[in-house]
Amino acid sequence: MKKILLIIAMALVGTSAFSQIEKPVKWSFAFKKESKDEAIVFLKADIQSSWHIYSLDQKEGGPIKTTFTFLPSVDYSLVGKVSQPAPRTKFESAFNMNVSYFENSVIFRQKVRLKSGKGTLHGKLEYMTCNNQKCLPPEDLDFSITL
(Lines give C-alpha, C1' and ligand atoms only; values in the text may rest on other atoms or scores of the structure.)
Protein backbone atom coordinates (compact mmCIF):
# COMPACT_ATOMS: atom_id res chain seq x y z
CA MET A 1 0.00 0.00 0.00
CA LYS A 2 2.85 2.41 0.85
CA LYS A 3 4.43 1.72 -2.54
CA ILE A 4 1.20 2.59 -4.33
CA LEU A 5 0.87 5.87 -2.40
CA LEU A 6 4.52 6.70 -3.14
CA ILE A 7 3.98 6.06 -6.86
CA ILE A 8 0.84 8.23 -6.90
CA ALA A 9 2.64 11.03 -5.02
CA MET A 10 5.57 10.94 -7.47
CA ALA A 11 3.19 11.00 -10.42
CA LEU A 12 1.37 14.06 -9.02
CA VAL A 13 4.64 15.91 -8.40
CA GLY A 14 5.80 15.13 -11.94
CA THR A 15 2.48 16.28 -13.41
CA SER A 16 2.53 19.60 -11.56
CA ALA A 17 6.04 20.31 -12.85
CA PHE A 18 4.78 20.03 -16.43
CA SER A 19 1.61 22.05 -15.87
CA GLN A 20 3.38 25.33 -15.12
CA ILE A 21 1.99 28.37 -16.92
CA GLU A 22 4.07 29.37 -19.91
CA LYS A 23 5.11 33.02 -20.03
CA PRO A 24 7.30 33.40 -23.13
CA VAL A 25 6.98 37.22 -23.20
CA LYS A 26 8.19 39.69 -20.59
CA TRP A 27 7.09 43.31 -20.91
CA SER A 28 8.89 46.42 -19.67
CA PHE A 29 7.91 50.07 -19.91
CA ALA A 30 9.94 53.28 -19.96
CA PHE A 31 9.45 56.98 -20.48
CA LYS A 32 11.82 59.54 -21.99
CA LYS A 33 11.20 63.27 -22.04
CA GLU A 34 11.95 64.77 -25.46
CA SER A 35 11.17 68.38 -24.55
CA LYS A 36 9.41 70.36 -21.85
CA ASP A 37 5.99 69.17 -22.99
CA GLU A 38 6.61 66.04 -25.11
CA ALA A 39 7.82 62.55 -24.29
CA ILE A 40 8.08 59.06 -25.76
CA VAL A 41 6.68 56.01 -23.99
CA PHE A 42 8.59 52.80 -24.77
CA LEU A 43 6.74 49.47 -24.54
CA LYS A 44 9.20 46.60 -24.88
CA ALA A 45 8.49 42.90 -25.31
CA ASP A 46 11.32 40.43 -24.66
CA ILE A 47 10.27 37.21 -26.39
CA GLN A 48 11.74 33.78 -25.64
CA SER A 49 13.46 31.93 -28.46
CA SER A 50 11.09 30.17 -30.91
CA TRP A 51 8.09 32.29 -29.83
CA HIS A 52 6.61 35.39 -31.49
CA ILE A 53 3.90 38.03 -31.01
CA TYR A 54 1.86 39.67 -33.72
CA SER A 55 2.13 43.19 -35.09
CA LEU A 56 -0.17 46.14 -34.47
CA ASP A 57 -1.53 45.88 -38.00
CA GLN A 58 -2.20 42.14 -38.21
CA LYS A 59 -5.19 41.60 -40.50
CA GLU A 60 -8.55 40.29 -39.24
CA GLY A 61 -9.26 36.59 -39.52
CA GLY A 62 -5.94 35.47 -38.12
CA PRO A 63 -4.15 35.69 -34.78
CA ILE A 64 -4.90 38.41 -32.25
CA LYS A 65 -2.88 41.53 -33.05
CA THR A 66 -0.99 43.40 -30.36
CA THR A 67 -3.02 46.39 -29.15
CA PHE A 68 -2.37 49.15 -26.63
CA THR A 69 -5.08 51.17 -24.91
CA PHE A 70 -4.16 54.25 -22.89
CA LEU A 71 -6.56 55.56 -20.27
CA PRO A 72 -7.53 59.23 -20.65
CA SER A 73 -5.82 61.59 -18.22
CA VAL A 74 -5.50 65.26 -17.37
CA ASP A 75 -1.70 64.70 -17.18
CA TYR A 76 -1.09 63.84 -20.86
CA SER A 77 -2.60 63.43 -24.31
CA LEU A 78 -1.57 61.00 -27.02
CA VAL A 79 0.19 62.32 -30.12
CA GLY A 80 -0.57 60.05 -33.04
CA LYS A 81 -0.74 56.28 -32.76
CA VAL A 82 1.59 53.63 -31.36
CA SER A 83 4.46 52.97 -33.78
CA GLN A 84 6.38 49.76 -34.37
CA PRO A 85 9.45 48.65 -36.33
CA ALA A 86 8.92 46.70 -39.55
CA PRO A 87 7.57 43.24 -38.67
CA ARG A 88 8.45 39.97 -40.36
CA THR A 89 5.72 38.51 -42.56
CA LYS A 90 5.19 34.89 -43.53
CA PHE A 91 2.42 32.48 -44.42
CA GLU A 92 1.16 30.48 -41.42
CA SER A 93 -0.86 27.42 -42.36
CA ALA A 94 -2.54 27.39 -38.92
CA PHE A 95 -4.31 30.63 -39.91
CA ASN A 96 -4.23 30.03 -43.68
CA MET A 97 -2.90 33.55 -44.27
CA ASN A 98 0.14 35.80 -44.14
CA VAL A 99 0.88 37.03 -40.63
CA SER A 100 3.08 39.90 -39.41
CA TYR A 101 5.04 39.20 -36.25
CA PHE A 102 8.06 39.94 -34.04
CA GLU A 103 10.63 37.56 -32.57
CA ASN A 104 13.26 38.00 -29.83
CA SER A 105 12.34 41.56 -28.84
CA VAL A 106 10.41 44.55 -30.09
CA ILE A 107 9.97 48.10 -28.86
CA PHE A 108 6.71 49.90 -29.55
CA ARG A 109 6.59 53.70 -29.10
CA GLN A 110 3.87 56.18 -28.23
CA LYS A 111 4.43 59.93 -28.28
CA VAL A 112 2.62 61.91 -25.58
CA ARG A 113 2.09 65.60 -24.89
CA LEU A 114 2.60 66.40 -21.22
CA LYS A 115 -0.03 68.66 -19.68
CA SER A 116 1.52 68.75 -16.22
CA GLY A 117 4.96 68.11 -14.83
CA LYS A 118 4.02 64.82 -13.25
CA GLY A 119 1.47 62.05 -13.26
CA THR A 120 1.04 58.43 -14.23
CA LEU A 121 0.16 56.96 -17.59
CA HIS A 122 -2.15 53.96 -17.22
CA GLY A 123 -2.78 51.51 -20.01
CA LYS A 124 -3.66 48.02 -21.06
CA LEU A 125 -2.22 45.79 -23.74
CA GLU A 126 -3.50 42.67 -25.41
CA TYR A 127 -1.30 40.26 -27.34
CA MET A 128 -1.10 36.67 -28.53
CA THR A 129 1.99 34.47 -28.39
CA CYS A 130 2.67 31.52 -30.70
CA ASN A 131 5.49 29.22 -31.69
CA ASN A 132 5.61 26.68 -34.52
CA GLN A 133 3.69 24.12 -32.43
CA LYS A 134 1.00 26.06 -30.56
CA CYS A 135 -0.55 29.37 -29.64
CA LEU A 136 -1.28 30.50 -26.11
CA PRO A 137 -4.59 32.21 -25.34
CA PRO A 138 -4.52 35.99 -25.82
CA GLU A 139 -3.30 37.80 -22.73
CA ASP A 140 -4.32 41.17 -21.25
CA LEU A 141 -1.82 43.12 -19.19
CA ASP A 142 -2.39 46.35 -17.27
CA PHE A 143 0.58 48.70 -16.95
CA SER A 144 1.45 52.10 -15.51
CA ILE A 145 4.36 54.44 -16.14
CA THR A 146 5.33 57.35 -13.93
CA LEU A 147 5.72 60.51 -16.00
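**Reading contacts in the fold**

Modeller: Start with Lys23. Lys23 has a relative accessible area of 44%, which makes this residue partly exposed. Keep in mind that the model is predicted.

Colleague: How does one read that class: what separates buried from exposed?

Modeller: Under 20% is buried, over 50% is exposed, and partly exposed lies in between. Lys23, at 44%, therefore falls in the middle class.

Colleague: Which residue meets Lys23 in a salt bridge?

Modeller: Glu139. The N to O distance is 2.8 Å. The pair links distant parts of the chain, with Glu139 in strand E11 and Lys23 in the loop between H1 and E1. They are 116 residues apart. Glu139 is partly exposed too, at 25%.

Colleague: How many salt bridges does the structure hold?

Modeller: Six. One of them joins Lys134 to Glu22, with the closest N and O atoms 2.4 Å apart. Lys134 sits in the loop between strands E10 and E11, and Glu22 in the loop between helix H1 and E1, so this pair ties together parts 112 residues apart in sequence. Both ends are partly exposed: Lys134 at 38%, Glu22 at 35%.

Colleague: And Glu38: buried or exposed?

Modeller: Buried, at 18% relative accessibility. Its side chain forms a salt bridge with that of Arg113 (3.2 Å, N to O). Glu38 is in strand E2 and Arg113 in strand E8, 75 residues apart. Arg113 is partly exposed, at 36%. Shared partners join Glu38, Lys111 and Arg113 into one network.

Colleague: Now the rings. How many aromatic pairs turn up in a search of the whole structure?

Modeller: Eight. To read one, check the distance between ring centres, then the angle between planes; under 30 degrees counts as stacked. For Trp27 and Phe108 the centres are 6.2 Å apart and the planes are at 25°, so this pair is stacked. Trp27 lies in strand E1 and Phe108 in strand E8, so the pair ties together parts 81 residues apart in sequence. Both residues are buried. They also belong to one aromatic cluster with Phe68, Phe102 and Tyr127.

Colleague: Last one, His52. Where is His52 found?

Modeller: In strand E3, residues 52-54. At 5%, His52 is buried.

Colleague: Which side chain makes a polar contact with the side chain of His52?

Modeller: That of Glu92, at 3.0 Å. Beyond its neighbours within four places in sequence, His52 is in contact with several residues, including Ile47, Tyr101, Phe102 and Cys130.

Conventions. Residues are numbered from 1 along each chain as its sequence is written. This is a predicted model: local features need pLDDT of at least 70, side-chain atom pairs count only at pLDDT 80 or more; totals for chains, interfaces and linings use all residues. Side-chain values use heavy atoms; hydrogens and water are left out. Helices (H or I, at least four residues) and strands (E, at least two) are DSSP runs, numbered from the N terminus. Buried means under 20% relative accessible area, exposed over 50%, partly exposed in between (1.4 Å probe, protein chains only). A polar contact is a pair of N or O atoms within 3.5 Å; within protein, one must be able to donate a hydrogen and the other to accept it, and residues adjacent in sequence count only if both atoms are side-chain atoms. Contact means heavy atoms within 4.5 Å. Rings of Phe, Tyr and Trp (its six-membered ring) pair if their centres lie within 6.5 Å; planes under 30 degrees apart count as stacked, over 60 as edge-to-face and the rest as tilted. A salt bridge is a side-chain nitrogen of Lys or Arg within 4 Å of a carboxyl oxygen of Asp or Glu.
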